[in-house]
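The sequence and structure come first.

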Amino acid sequence: MDDFTPAAAQKDIQLHLDCPNRSVYFLSDRQLLSRMLENLLSNAIKYTTNGKNIWISVSEEKDAISIKVRDEGVGIQPDELPHLFAKYSKISSKPTAGEASTGLGLAIVKRICEELNGQISCESDQAKAPYLPSFSRNNVCLAFFWVQN
């Protein structure tokens, strides 16, 4: 998260972190997991307008760890959801400060989830955007990307 503080500060976006008071452990590929989270957080900053908030939280569920990235971004049109994770997909939502977008970020996230035997989905109502990757403790990644109020 610290790596994204300067980018968030440029847009006066506040990053909020909510983690358990104790360490949370699970097996996964650290580099792939980091790259996936970097893409999700980068998107959250890119598609959130100045002066808004992004929340990152970590929680334990029955057999999984959930990492939730929620923003106050522009959201995604429901009819564009089926194309969201395709390579080079260009949706109508645009970065809020003219940032560049290749259309590869979420395709990379999907590929990483699949490499970790996971899946990814998205819902949207074009408002706040929570991203919810969830990782089982036995090296299987289940990721869900949500965009909603």
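## Terms and model

A residue is called buried when its relative accessible area is under 20%, exposed when that area is over 50%, and partly exposed in between. The model is predicted.

## Overall architecture

The chain contains 3 helices and 5 strands. The chain has 149 residues, of which 42% are buried.

Taking contacts between residues at least 6 apart in sequence, 62% join residues at least 24 apart.

## Packing of α2 and α3

Helix α2 covers residues 30–46, and its axis comes within 9 Å of the axis of α3, with a crossing angle of roughly 150°. An angle over 145 degrees counts as roughly antiparallel, so α2 and α3 are roughly antiparallel to each other. Their crossing is left-handed.

On the α2 side, the contacting residues are L32, R35, M36, N39, L40 and N43. On the α3 side they are G105, L106, I108, V109, R111, I112, C113 and E115. Two members of the α3 set, R111 and E115, also form a salt bridge with each other.

## Salt bridges

How many salt bridges does a search of the whole structure find? The search returns 3.

One of them joins the side chains of K11 and E99, with an N to O distance of 3.0 Å. This pair links distant parts of the chain, its members being 88 residues apart. K11 sits in the loop between α1 (5–10) and β1 (14–18), while E99 sits in the loop between β3 (64–71) and α3 (105–115). With a relative accessibility of 6%, K11 falls under 20% and therefore counts as buried. E99 has a relative accessibility of 25%, which lies between 20% and 50%, so E99 counts as partly exposed.

Helix α3 holds the pair K110 and E114, whose side chains meet in a salt bridge at 3.9 Å, N to O. Because K110 and E114 are 4 residues apart in α3, about one helical turn separates them. K110 is partly exposed at 32% relative accessibility, and E114 is partly exposed at 45%.

R111 and E115 form a salt bridge in which the closest N and O atoms are 2.3 Å apart. R111 and E115 lie 4 residues apart in helix α3, so they too are separated by about one helical turn. The relative accessible area is 33% for R111, which is partly exposed, and 45% for E115, which is also partly exposed.

## Cysteines

The count of disulfides comes to 0. A disulfide is a covalent bond between the sulfur atoms of two cysteines.

Is C113 buried or exposed? C113 is buried, with a relative accessible area of 0%, and it is among the α3 residues that meet α2. C19 is partly exposed, with a relative accessible area of 37%.

## Loop residues

Several loop positions can be described individually. D12 is found in the loop between α1 and β1. The phi angle of D12 is near 55°, a positive value in a residue other than glycine.

T49 lies in the loop between α2 and β2 (53–60). T49 is partly exposed, with a relative accessible area of 31%. Leaving aside residues up to four places away in sequence, which residues does T49 touch? The contacts of T49 are I13 and T96. T49 and T96 are 47 residues apart along the chain, and their C-alpha atoms are separated by 5.4 Å.

E80 is placed in the loop between β3 and α3. Its relative accessibility is 15%, which is under 20%, so E80 counts as buried. With residues up to four places away in sequence not counted, E80 touches I91, S92 and S93.

Key:
Residues are numbered from 1 along each chain as its sequence is written. This is a predicted model: local features need pLDDT of at least 70, side-chain atom pairs count only at pLDDT 80 or more; totals for chains, interfaces and linings use all residues. Side-chain values use heavy atoms; hydrogens and water are left out. A salt bridge is a side-chain nitrogen of Lys or Arg within 4 Å of a carboxyl oxygen of Asp or Glu. Buried means under 20% relative accessible area, exposed over 50%, partly exposed in between (1.4 Å probe, protein chains only). A disulfide is a pair of cysteine sulfur atoms within 2.5 Å. Axes are lines fitted to C-alpha atoms, for helices over the stretch in contact, and angles run from 0 to 180 degrees between N-to-C directions. Angles under 35 degrees count as roughly parallel, over 145 as roughly antiparallel, 65 to 115 as roughly perpendicular and the rest as oblique. A crossing is left-handed if the near helix is turned anticlockwise from the far one by less than a right angle, and right-handed if clockwise. Contact means heavy atoms within 4.5 Å.
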